[in-house]
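User: Please examine the structure below and answer some questions about its helices, strands and packing.

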Amino acid sequence: LSDGTVLRVSDTRASVLALLVGMLPPLAGVTLIALALSLFMAYGASKRIVKPLGELDLDHPENAEAYDELTPFLERIVVQNRKIEEQMSQLRRQREEFETITNNMEEGFIVVDKNETVLSHNKSALRLLGAPRGSRADGSEVLTLNRSEAFRTSVEDALNGKSTQRVMTGNGRFCQVLAAPAMSENIVEGAIIV
């Protein structure tokens, strides 16, 4: 100073490490807020993006109002739906033809799977096996239709891979039973009984 005295002013300074440690709580708070905000915004954006997909009517995708980017996908679904409908229609026709043929046969006809469950049959089979009029056997066990020795062993032999021919008696008549295995790639998948 003008009188020759010296005035000394000082301040305590923190080290770089102390400054970094002091900045950690605010940085962590800002990071958490940014993370929460980004999660909230991502959730909202994904909801808006996915909403049109969830509202798609896959039976009639041509009527859907969605993104232009989805148009090729929707067109492909339309083509697939047409193919599936054509195939289903063809299968229905084939099944109706099969049922028409088998229901007009005089011979009884039964198809069973490897668990002896009836998959298909005609009216003549039920009549010849003595089942009550109007009854259906699809989905039931084949031996509930007839428990005679000839019928039972014919079914068992066919399911064991052996074609058989036996005579079955009952209700005052004789019936010839022909049973053959239904094979798929040399594996018995069921049996056909006439």
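The questions and answers that follow concern a predicted model.

User: Which residues of helix 2 are buried?

Analyst: The criterion for burial is a relative accessible area under 20%. In helix 2, the buried residues are Leu74, Ile77, Val78 and Thr102.

User: Is Leu27 buried, partly exposed or exposed?

Analyst: Leu27 belongs to helix 1, residues 16-54. Together with Val16, Leu20 and Met23, Leu27 forms a nonpolar surface patch with about 400 Å² of accessible area. Buried requires under 20% and exposed over 50%. The relative accessible area of Leu27 is 47%, so Leu27 is partly exposed.

User: Is Pro52 buried or exposed, and what is its relative accessible area?

Analyst: Pro52 is also a residue of helix 1. Its C-alpha atom is separated by 7.5 Å from that of Glu65, 13 residues apart along the chain. Burial requires a value under 20%. Pro52 is therefore buried, with a relative accessible area of 18%.

User: Which residue in strand 5 is the bridge partner of Val111?

Analyst: Strand 1 (residues 110-113) pairs with strand 5 (residues 187-193) in the antiparallel sense. The pairing runs over 4 bridges. Within strand 5, the partner of Val111 is Ile192.

User: How many residues lie between strand 4 and strand 5 in their hairpin?

Analyst: Ala182 stands opposite Gly190 of strand 5. In the turn of the hairpin, Glu185 has a positive phi of about 55°. The number of residues between the two strands is 2.

User: Which element gives the most to the largest nonpolar core?

Analyst: The largest nonpolar core has 22 residues, and those with the most contacts inside it are Ile110, Val112, Val142, Leu145, Phe151 and Ile193. At least two residues of this core come from each of strand 1, helix 3 (123-129), helix 4 (149-159), strand 4 and strand 5. With 5 residues, the element that gives the most to this core is helix 4.

Terms used:
Residues are numbered from 1 along each chain as its sequence is written. This is a predicted model: local features need pLDDT of at least 70, side-chain atom pairs count only at pLDDT 80 or more; totals for chains, interfaces and linings use all residues. Side-chain values use heavy atoms; hydrogens and water are left out. Two strands pair if DSSP finds at least two bridges between them. Buried means under 20% relative accessible area, exposed over 50%, partly exposed in between (1.4 Å probe, protein chains only). Patches are made of residues with over 30% relative accessible area and no salt bridge: like charges are joined within 9 Å, nonpolar side chains (Val, Leu, Ile, Met, Phe, Trp, Tyr) within 5 Å. Accessible areas come from the Shrake-Rupley method with a 1.4 Å probe; for residues, only the protein chains shown count as cover. A salt bridge is a side-chain nitrogen of Lys or Arg within 4 Å of a carboxyl oxygen of Asp or Glu. A nonpolar core is a set of buried Ala, Val, Leu, Ile, Met, Phe, Trp, Tyr and Cys residues joined through side-chain atoms within 4.5 Å.
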